[in-house]
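Reader: I am new to this structure and would like to learn how to read its features one at a time. Could you show me the sequence and the model, and then take me through them?

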Amino acid sequence: MNNLSATLWSQIRTVQNFPKPGISFYDLTPLFMNSIEALTDALIASIPAEQLEAVDSFIAVEARGFVLATLLAQRTGKALILVRKAGKLPPPVVGVGYSLEYGLDRLEMSAELSSQKVIIVDDVLATGGTLKAVKQLAEKCNHEVLGASIFLDLPDLHGDLGLNIWSSLNNQQQPAQDVA
């Protein structure tokens, strides 16, 4: 493990049985408080340079994906597209329903955006339900999905999702730590 990964892992708190029994929640809040530059550096480093050059916009997935995509957009000078839960964006919108590891949900995106080359940005990749829904949503809106920038990948919980996944960390490389 390199120094950047060690720094990042030292700021992540694992909370067992949250938001429901059997789920381990990775709390990134300490990273936002203490290591924002390292976090941004890790996100940038994980995406191939040619993809960073080609992307027009980062798709920010509510809610922690908003933070991460904003960091990428600000650092690279690229645009930002928001994907929100149902009813949070003004019409017209395009929406998709999906299932996630602990329930059902619906996501929406503005229907008025011109076609762009996009990278989906989210915090944690578990089963892939959210990521697949966002990819479907982006394609319904005629965007070209180059891949997904994921801060923390949990590869044992998902298979091939049909797109490039670039992650800063994965839990298979997690050092031993105290869990809450």
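Author: A helix can be checked by its length, since the expected span is 1.5 Å times one less than its number of residues. Here α6 has 12 residues and should therefore span 16 Å, which agrees with the 16 Å between its end C-alpha atoms. Helices (H or I, at least four residues) and strands (E, at least two) are DSSP runs, numbered from the N terminus. This is a predicted model, in which local features need pLDDT of at least 70 and side-chain atom pairs count only at pLDDT 80 or more, while totals for chains, interfaces and linings use all residues. Residues are numbered from 1 along each chain as its sequence is written, and side-chain values use heavy atoms, with hydrogens and water left out.

Reader: Which residues of α6 are buried?

Author: Buried means under 20% relative accessible area, exposed over 50%, and partly exposed in between (1.4 Å probe, protein chains only). An α-helix has 3.6 residues a turn, so residues three or four places apart point the same way. In α6 the buried residues are G129, T130, L131, A133, V134, K135, L137 and A138. After α6 comes N142, whose phi is positive, near 65°.

Reader: What does L137 touch?

Author: Contact means heavy atoms within 4.5 Å. L137 sits in helix α6, residues 129-140, and is buried with a relative accessible area of 0%. Not counting residues up to four places away in sequence, L137 touches V83, V94, G95, V96, L107, E108 and M109. Of these contacts, G95 is 42 residues from L137 in sequence, yet their C-alpha atoms are 6.5 Å apart in space. G129, also in helix α6, counts as buried at 12% relative accessibility, and with neighbours within four places in sequence left aside, G129 is in contact with Y98 and S99.

Reader: How should I read a strand such as β3, and is β3 covered on one face or on both?

Author: In a regular strand the side chains alternate between the two faces of the sheet. Both faces of β3 are covered, with S57, I59 and V61 buried on one side and F58 and A60 buried on the other. Because 5 of the 5 residues of β3 are buried, this strand is largely enclosed by the rest of the structure.

Reader: Which strands pair with β3?

Author: Two strands pair if DSSP finds at least two bridges between them. β3 pairs with strand β4 (residues 79-85) in the parallel sense over 5 bridges, where the bridge partner of A60 is L82. The chain crosses from β3 through α5 to β4, and this β-α-β crossover is right-handed (with the strands pointing away from the viewer, the path from the first strand over the helix to the second runs clockwise). β3 and β7 also run parallel, joined by 4 bridges, and A60 stands opposite V121 in β7.

Reader: How many residues does the largest nonpolar core have?

Author: A nonpolar core is a set of buried Ala, Val, Leu, Ile, Met, Phe, Trp, Tyr and Cys residues joined through side-chain atoms within 4.5 Å. The largest has 32 residues, and those with the most contacts inside it include L8, F58 and F151. Helix α5 gives the most to this core, with 6 residues. Apart from this core lies another, of 23 residues, among them Y98, L107, L161 and L163.
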